[in-house]
Amino acid sequence: MTDIIRRPDGTVSPYPQSFSRSEGRALQRRQNTEVANGLVTAARVQAAGYVAVTGMHLSAMLSREAEFQANGDPRSAERLNFIADSFAEYAAWEVRRFQR
């Protein structure tokens, strides 16, 4: 992809021929702003995905560990599952922070 436009006389310009020089510069600034916004949004999406994957992995690990540690004792299972569930809620809260 290129942002250079070939004019009918063969010269190239980063903006349409009908634009004045100041309009062309304003257009370039606005385009650069949009590209920068896109890059920031993409980074935010990637970060949210990383947090979600990490939270899911650790939540599953903590759930399995709680089951193992409870060793069939229902009272211990309640306590340990509460801790694992609290972590899962925290991880979900962290993922939701990226939606702002």
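The protein has two helices and two strands, where helices (H or I, at least four residues) and strands (E, at least two) are DSSP runs numbered from the N terminus. Reading from the N terminus, the order is β-β-α-α. This is a predicted model, so local features need pLDDT of at least 70 and side-chain atom pairs count only at pLDDT 80 or more, while totals for chains, interfaces and linings use all residues. Residues are numbered from 1 along each chain as its sequence is written, and side-chain values use heavy atoms, with hydrogens and water left out.

**The whole protein**

- Of the 100 residues in the protein, 12% are buried; buried means under 20% relative accessible area, exposed means over 50%, and partly exposed is in between (1.4 Å probe, protein chains only).
- The accessible surface comes to about 8,200 Å², and carbon and sulfur atoms hold 58% of that; the areas come from the Shrake-Rupley method with a 1.4 Å probe, and for residues only the protein chains shown count as cover.
- Take the contacts between residues at least 6 apart in sequence: 31% of them join residues at least 24 apart, with contact meaning heavy atoms within 4.5 Å.

**Helix α1 and what covers it**

- Helix α1 has 50 residues, so at 1.5 Å a residue it should span 74 Å, and its end C-alpha atoms agree with that at 73 Å apart; the expected span is 1.5 Å times one less than the number of residues.
- The buried residues in α1 are Gly24, Ala48, Gly55, Ser59, Ala66 and Ala70.
- Part of their cover comes from α2 (74-97).
- Ser59 makes a handy example: it sits in α1, which takes in residues 21-70.
- Ser59 counts as buried because its relative accessibility is 14%.
- Setting aside neighbours within four places in sequence, Ser59 touches Phe87 and Ala88.
- Just past the end of α1, Asn71 takes a positive phi of about 50°.

**The aromatic pair**

- The structure holds one aromatic pair, and the rule is that rings of Phe, Tyr and Trp (its six-membered ring) pair if their centres lie within 6.5 Å.
- Tyr90 and Trp93 form that pair, with 6.3 Å centre to centre and 25° between the planes, and it is stacked; planes under 30 degrees apart count as stacked, over 60 as edge-to-face and the rest as tilted.
- Tyr90 and Trp93 are three residues apart in helix α2, so about one helical turn separates them.
- An α-helix has 3.6 residues a turn, so residues three or four places apart point the same way.
- Tyr90 is partly exposed, because its relative accessible area is 46%, and Trp93 is partly exposed too, at 39%.

**Salt bridges**

- There are two salt bridges, counted when a side-chain nitrogen of Lys or Arg is within 4 Å of a carboxyl oxygen of Asp or Glu.
- One joins Glu78 to Arg75, with the closest N and O atoms 3.9 Å apart.
- Glu78 and Arg75 are three residues apart in helix α2, so they are about one helical turn from each other.
- Glu78 counts as exposed because its relative accessibility is 51%.
- Glu94 forms a salt bridge with Arg97, and here the closest N and O atoms are 3.2 Å apart.
- Glu94 and Arg97 are also both in helix α2, three residues or about one turn apart.
- Glu94 is buried, with a relative accessible area of 14%, whereas Arg97 is partly exposed at 38%.
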